[in-house]
Amino acid sequence: MNALTLPDIAAQASRQALPLDWVGMCGIALPILIDGQRLTATADAGVSLDDGAARGIHMSRLYLALEMLDQQPLTPALLRNVLQRFLDSHEGLSNNAYLRIHTDLLLKRPALVSPLAGWKGYPVSIEARLENQMFHVELKIDVTYSSTCPCSAALARQLIQQQFLDDFANTPLQHEDVLTWLGSANGIVATPHSQRSSAQLHVELQGEQLPLTDLIDTVEAALGTAVQTAVKRADEQAFALANGQNLMFCEDAARRLNLALKRSDAVKAFHLKVIHAESLHAHDAVAESRWTRHPA
Ligand SMILES: Nc1nc2c(ncn2[C@@H]2O[C@H](COP(=O)(O)OP(=O)(O)OP(=O)(O)O)[C@@H](O)[C@H]2O)c(=O)[nH]1
């Protein structure tokens, strides 16, 4: 061992004096606590480098501040404390601090009819920033659902009517015959197309909570056709009914979500995007909607 001082390049002056907007680390592995669950996450931690003459920030100080996250439940207050620690450890260098956390929230979802349940993963990002003393926290959540095309459903119904006319032309109608016909392949000669669809929410929050589960529940209730986990035939039949009762263009889905999210007190603003990965086309049908709560 020798007693040489370790060189500290970050403490040197920069050869090109220039402030930077974001400097830090991306993809740091860490556990976090949400709703009593310990989840595997990755974090992107950064600060602005406002002192353009400084060579670099102190990466290790940001890294060590993240320790707070694996001990306490994730709340806006905790995120703010971490960001404040970023700034306190970069006095004179940085005015703004940023933290993004990416994880998969796991929720146990009951089947529609049978007494079964299964886990569903929801990709979630939590983005917090402390800019010029102003704290903001935003959530990004992806929710997957099923959408059945209302136009396709109407066209299919017309074909079913046509088939009915063909099959029962000049025939006296017997209740039993019609019932049998309805249960036959002829009775449902055409089916509407449906697709696995995705709602991408970007929500700015107000208040002291991170209402991840509440927001996901709100979205799934508004759409009515969340993708399922454990499924028996009775559940599949209930799912078919839910789809038939919730025929949706992407515009319908975006409007439903807009109305539902506005009703949530925790939501200050949102930008939502719904993507219907069409089975009719090789491209997607997409709708977006933004909203900002006006101050009371
Ligand atoms: N600023 C900066 N540091 C980097 C980069 N890549 C790796 N590092 C390393 O990150 C390590 C931690 O940096 P510091 O936090 O400044 O470490 P330190 O000087 O021992 O800690 P302090 O005394 O608290 O400043 C250093 O060894 C850097 O070399 C980079 O692109 N920028």
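This passage walks through a predicted model, from its confidence scores to a handful of local features.

Residues are numbered from 1 along each chain as its sequence is written, and side-chain values rest on heavy atoms, with hydrogens and water left out. Because the model is predicted, local features need a pLDDT of at least 70 and side-chain atom pairs count only at pLDDT 80 or more, while totals for chains, interfaces and linings use all residues.

The confidence scores come first. The protein chain has a mean pLDDT (the predictor's confidence in each residue, from 0 to 100) of 95, and 99% of its residues reach 70 or more. For the complex, the predictor gives an ipTM of 0.89 and a pTM of 0.90. Where pLDDT is low, the predicted coordinates should not be read in detail.

Next come the aromatic rings. A pair of aromatic rings is described by the distance of the centres and the angle of the planes. Rings of Phe, Tyr and Trp (for Trp, its six-membered ring) are taken as a pair if their centres lie within 6.5 Å; planes under 30 degrees apart count as stacked, over 60 as edge-to-face, and the rest as tilted. By this rule the count comes to four aromatic pairs. One of them is the tilted pair of F164 and F168, with 4.9 Å centre to centre and 35 degrees between the planes. Why are F164 and F168 separated by about one helical turn? They are four residues apart in helix α3 (residues 150–168); helices here are DSSP runs of H or I with at least four residues, strands are runs of E with at least two, and both are numbered from the N terminus. As for accessibility, buried means under 20% relative accessible area, exposed means over 50%, and partly exposed is in between (1.4 Å probe, protein chains only). F164 has 28% relative accessibility, so it counts as partly exposed, whereas F168 is buried with a relative accessible area of 14%.

F164 also pairs with W181, this time edge-to-face, at 5.4 Å centre to centre and 75 degrees between the planes. That pair links distant parts of the chain: F164 sits in helix α3 and W181 in helix α4 (residues 175–182), 17 residues apart. W181 counts as buried because its relative accessibility is 8%. Put together, F164, F168 and W181 make up one aromatic cluster.

On a 1 Å grid over the protein atoms alone, a pocket is an open set of points with protein on both sides within 12 Å along at least five of seven lines, a cavity is a set where a 1.4 Å probe fits but cannot get out, and lining residues have an atom within 4 Å of a point. The lining of the largest pocket has 13 residues, and A153, I188, T191, P192 and G244 lie nearest its centre. The elements giving two or more residues to this lining are α3 and α6 (233–245), and α3 gives the most, with four residues.

A few single residues round out the picture. N258 belongs to helix α7 (residues 250–262) and is buried, with a relative accessible area of 11%. Its side chain is joined to that of K262 by a polar contact of 2.9 Å, meaning a pair of N or O atoms within 3.5 Å; within protein, one must be able to donate a hydrogen and the other to accept it, and residues adjacent in sequence count only if both atoms are side-chain atoms. Leaving aside neighbours within four places in sequence, N258 is in contact (heavy atoms within 4.5 Å) with F270, L272, S289 and R290.

L105 lies in strand β3 and is buried at 1% relative accessibility. L105 and V124 are 19 residues apart in sequence and 6.6 Å apart in space, C-alpha to C-alpha. L112, by contrast, is in the loop between β3 (97–110) and β4 (117–131) and is partly exposed at 42%. Beyond its neighbours within four places in sequence, L112 is in contact with Q228, D235, A238 and F239.

Finally, the loop between β4 and β5 (134–148) holds N132, whose phi is near 50 degrees, a positive value in a residue other than glycine. Q133, in the loop between β4 and β5, has a positive phi of about 70 degrees although it is not a glycine. N132 is exposed at 59% relative accessible area, and Q133 is exposed at 66%.
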